[in-house]
Amino acid sequence: MITLKNTLLLLTVSTFVIACYKDNEEELYGIETCEASSVSFQADIMPIIETGCNTVGCHVQGGNAPTIYENYNQIKASVDNGKFETRVLIDKTMPPSAPLTDCQIKYLQKWLDDGAPNN
């Protein structure tokens, strides 16, 4: 015997089942292409630095970090003494706010492997 209580329960369960579906990230956002065969400091590296390093309170003038990353020469000095690669790619302690994506890591590694040019 179908009662009002059973009907409401059936409607509730049906609603949850119909509302649930699994999004496919590739369909929603497209496949991320990470072609790191040619890397430019200005086009590829500096945007990573700007969003992850030289943010408020970090590697900027007046920030909490001992090094400033607002231009190529400042970043290159940290590359030359090995601190940049150690902290960002080996220890992965920077940036502390959020981990870098695999693509960002590929770009940084390629740039370092190429001698960290100012291109």
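**View 1. Serine 40 and the residues it touches.** Neighbours within four places in sequence aside, serine 40 is in contact with Ile45 and Asn119. The model shown here is predicted. Serine 40 sits in the loop that links helix H2 (25-29) to H3. Is serine 40 buried or exposed? Its relative accessibility is 19%. Buried means under 20%, so serine 40 counts as buried. One of its two partners, Ile45, belongs to H3.

**View 2. The protein as a whole.** The secondary structure consists of six helices and zero strands. Read from the N terminus, the order of elements is α-α-α-α-α-α. The protein has 119 residues, and 25% of them count as buried. Take the contacts between residues at least 6 apart in sequence: 54% of these join residues at least 24 apart.

View 3. Which residues of H3 are buried? They are Phe41, Ile45, Met46, Ile48, Ile49 and Gly52. These residues span an arc of only 150° around the axis, so they lie on the same side of H3. An α-helix has 3.6 residues a turn, so residues three or four places apart point the same way. Ala43 and Thr51 are on the other side of H3, and both are exposed. What lies over the buried residues of H3? The cover includes helix H4 (72-80), helix H5 (83-90) and H6.

**View 4. Helix H3 against helix H6.** Two packed helices are described by the angle between their axes and the distance between the axes. Here H3 (residues 41-52) packs on H6 (residues 102-113) at an angle of about 120°. The two axes are 10 Å apart. H3 and H6 are therefore oblique to each other. Their crossing is left-handed. On the H3 side, the contact is made by Phe41, Asp44, Ile45 and Ile48. On the H6 side, Gln104, Tyr107, Leu108 and Trp111 take part. Sorted by class, the contact of H3 with H6 has six nonpolar residues, one polar and one charged. Phe41, Ile45 and Ile48 are also among the buried residues of H3.

**View 5. Helix H5 against helix H6.** How do the axes of H5 and H6 cross, and within what distance do they come? They cross at roughly 155° and come within 11 Å. That angle makes H5 roughly antiparallel to H6. The crossing of H5 and H6 is left-handed. From H5, the residues in the contact are Phe84, Glu85, Val88 and Leu89. They meet Ile105, Leu108, Gln109 and Leu112 of H6. By class, the contact of H5 with H6 holds six nonpolar residues, one polar and one charged.

**View 6. Alanine 116, beyond helix H6.** Alanine 116 lies in the segment after H6. How accessible is alanine 116? Its relative accessible area is 1%, so alanine 116 is buried. Setting aside neighbours within four places in sequence, what does alanine 116 touch? Its contacts are Tyr72, Lys76, Val79 and Trp111. Alanine 116 and valine 79 are 37 residues apart along the chain. Their C-alpha atoms are separated by 7.7 Å.

Note on methods
Residues numbered from 1 in each chain as written. Predicted model: local features only at pLDDT ≥ 70, side-chain atom pairs only at ≥ 80, totals over all residues. Heavy atoms only, no water. Axes fitted to C-alpha atoms, helices over the stretch in contact; angles between N-to-C directions. Helix = DSSP H or I, 4+ residues; strand = E, 2+ residues; numbered from the N terminus. Parallel < 35°, antiparallel > 145°, perpendicular 65-115°, else oblique. Left-handed = near helix turned anticlockwise from the far one by under 90°. Contact = heavy atoms within 4.5 Å. Nonpolar A, V, L, I, M, F, W, Y, C, P; charged D, E, K, R; others polar. Buried < 20%, exposed > 50% of the residue type's maximum accessible area, 1.4 Å probe, protein only. Arc of directions from axis to C-beta.
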